[in-house]
Amino acid sequence: MLDKLGKNITTALNKLKNATFVDKKLVKEVIKDIQKALIQADVNVKLVLKISKEIEKRAIYEDVPKGLSKKEHIIKIVYEELIKLLGEKEQKLELDPKKQTIILLVGIQGSGKTTSAAKLARYLQKKGLKPGLIAADVYRPAAYKQLKQLAEKIHVPLYGDESKTKTPVEIAKDGINHFKKMDVIIVDTAGRHKEEKGLMEEMKEMKEALKPDEIILVIDGTLGQQAKNQAKAFKEAVGDIGSILVTKLDGSAKGGGALSAVSEINAPIKFIGTGEDVDSLEPFDPKKFISRLLGMGDL
Amino acid sequence: MFGSLKKKLSKTVSKIADKIYSKGNEEEKTEGNKINKINNEKKEILNKKENELSEVAQSKTEAYTKDTGVVAKYNAQIESPSKLEEEIEKKEKIGFFDKFKLTKTIKKVLGKDVILTEDDIADILEELELELLEADVAYDVVERLVESLKNQLVGTKITAKDNPEEITINALKNAIKEILSQKNMDIYELIEEKKKSKEPVVIVFVGINGTGKTTSIAKLAHKLKNKGYSVVLAAGDTFRAGAIEQLEEHAKNIGVRVIKHQKGADSAAVIYDAIQHAKARGIDVVLADTAGRQATNINLMDEIKKVVRVTKPDLVVFVGDSLAGNDAINQAEEFNNAVNIDGVILTKVDADAKGGAALSIAYAIGKPILFLGVGQRYEDLEEFNVDWMVNKLFGDEEVKYSTEREF
């Protein structure tokens, strides 16, 4: 994942490394290359312009700290600005061991909520917790059966309503009553997008009824420039989105759209999905991620 | 969709047209200055002659009375430039109130041609570039579009008879058509043709995970059934949890049959069985689902190659997500390299997608987009072709999609 972006940015920075003399013109040229790399990775265009302006300003006017060459300083600036974008620290999913945690998964159609629900259950199970899954998508055909098959595979109990007589909110509420003894309850919901006002309203109701401890926005790694607006609509509907889970990063997607979402709704990426298998879920560490991206090893 | 792309394009058109007008205006101004200069020179000469005349008159008063003809001649000469001045003044007054119209009339009068230089439109094109990127047109496609626009506009002589708006719009249309240069394809014609030889048309759907293959199959089955064709579905996604059940439920809703095996069975075998079933029963169309797969996964790409090799479909349809950004191009290219795509269905267009992916995918693989998925109902599948898109982009019609849910 993100290999190409990393390569493009590294090529741009190598221009600096190989130059005998760093002047304004070269800095501008390098920044232009970085801009191109970020836009090709689907980072929001306005965001790219903002970051690159900041990098340019700092590269030209900031004093070079002791012990660093001008070139090293610019590379450091690029690194710092990209880190700023992702949030400085690795943010883990914090669970209060003394009480039951309710997690609500939301996102656009086909972004990978159902599979991620099972992956998350598996992840928590491996940590020694007892998770329960709730299938609260009554719209998509066989949504219940999909989660059922996944739950059986990882031996996690599932609550749902195959007869389709209950509303999603009712299913979720009943499910929580049903899972009194579980440590963590993960609620899978139907896919929806910002133009579907009725569904956004339903999601809001769901949030008010369940009072989840953590709302996770599941984002498709291939998502382009619309990531910003879609993420904003989700945040407006449910208020606090605690974390972002980026899926399909095992493909050719560069995940830049997810970065835009992060900066729009101010929530950290806590997990990334790297395959269809229930074990393909990794906690996300921004520093490691960016240094790998820039080919500079762990700083 | 296309609403914002449309707005962006029309903004560019008016900006370039404005540039042409203001450039014509400027040329006209320099021309006007030249006339003023000539007038001033004329005045000076006249003044001189007047002075000479009065000197002559003073010294030769007698001759003056005799020679009235000369004075009359000079008076006439003085009158004519002042008339010219008046006219220019009048034009400038109109210009103040209706600069736009004046530029045009003067240009016609003076025949001032405008030739745009690269510098003239550099800023406008740079802005267009950013706006197209924001509309999810992939980077390479944006560069190509802007380049084509530049080639068409820079150095072209625009005469007073031309309409700058029209010239700009045509240049943009050409640039877009150039990108969407692939042939349109008529799926119904294909079905009719195969019907004659009593063979089913076999369509296999491919794409990465979650783009909407299964749902698109259900929509297309619904559409074909409404047109009077018989359809059978093949549950070729034997991998994903709930995939077979999902297709079965759709089939029940629409009223068509599904041919299925167990979960984990060979995908090619299922589709092969569905084709045999269709042949035996004289069914017109086989729509085959396959599992979502990342183009970077070599094993799964080998599997889809095998499916296509064994089942020999008439059409391989790539299902792409219109919300995807630059990756849309990678996906389409990788799948096209593996299994040779014949056409594309673009989904989730109702999610306020800007439509850039339509341009990007078509450009990347040079294959036609057949349908757009525009909602959650079975009817929400719209036919697509290049002219349709160009009309949508440059026409007056607004596009609005349903947000109702059916499944």
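In this predicted model, strand 6 of chain A, helix 10 (residues 256-265) of chain A and strand 7 of chain A form a β-α-β unit that is right-handed. The two strands of this unit, strand 6 and strand 7 of chain A, run parallel and are joined by 3 bridges. Within strand 7 of chain A, A:Ile272 is the residue that stands opposite A:Val246.

Strand 7 (residues 269-273) of chain A also pairs with strand 8 of chain A, again through 3 bridges, but here the two strands run antiparallel. How many of the 5 residues of strand 7 of chain A are buried? The strand is mostly covered, with 5 of 5 buried.

Chain A holds an open sheet of 8 strands with mixed pairing, and the strand order is 3-2-4-1-5-6-7-8. At its edges lie strand 3 (158-159) and strand 8 (281-283) of chain A, each of which pairs on one side only. Helix 5 (residues 113-126) of chain A lies across several of the strands, including strand 1 (101-107), strand 2 (131-136), strand 4 (184-189) and strand 7 of chain A. Relative to strand 4 of chain A, helix 5 of chain A runs at about 170°.

Between strand 4 and strand 5 of chain B the chain passes through helix 10 (residues 243-254) of chain B, in a right-handed β-α-β crossover.

Helices of chain B meet one another too. Helix 7 (residues 164-179) and helix 15 (residues 386-394) of chain B have axes that come within 11 Å and cross at roughly 145°. The crossing is right-handed. On the side of helix 7 of chain B, the contact is made by B:Ile169, B:Leu172, B:Lys173, B:Ile176 and B:Lys177, while helix 15 of chain B contributes B:Val386, B:Asp387, B:Val390, B:Leu393 and B:Phe394. By class, this contact has 7 nonpolar and 3 charged residues, with no polar ones.

B:Ile275, in helix 11 (residues 267-281) of chain B, has a relative accessible area of 7%, which is under 20%, so B:Ile275 counts as buried. Beyond its neighbours within four places in sequence, B:Ile275 is in contact with B:Pro200, B:Val202, B:Val286 and B:Thr311. B:Pro200 is 75 residues apart from B:Ile275 along the chain, yet their C-alpha atoms are separated by 7.4 Å.

B:Asp380 sits in the loop between strand 9 (369-373) and strand 10 (381-383) of chain B. Is B:Asp380 buried or exposed? B:Asp380 counts as buried because its relative accessibility is 4%. Residues up to four places away in sequence aside, B:Asp380 touches B:Lys219, B:Leu372, B:Gly373, B:Val374 and B:Gly375.

Notes
Residues numbered from 1 in each chain as written. Chains lettered and ligands numbered in written order. Predicted model: local features only at pLDDT ≥ 70, side-chain atom pairs only at ≥ 80, totals over all residues. Heavy atoms only, no water. Pairing = 2+ DSSP bridges. Helix = DSSP H or I, 4+ residues; strand = E, 2+ residues; numbered from the N terminus. Contact = heavy atoms within 4.5 Å. Axes fitted to C-alpha atoms, helices over the stretch in contact; angles between N-to-C directions. Left-handed = near helix turned anticlockwise from the far one by under 90°. Nonpolar A, V, L, I, M, F, W, Y, C, P; charged D, E, K, R; others polar. Buried < 20%, exposed > 50% of the residue type's maximum accessible area, 1.4 Å probe, protein only. Right-handed = clockwise from strand over helix to strand, strands pointing away.
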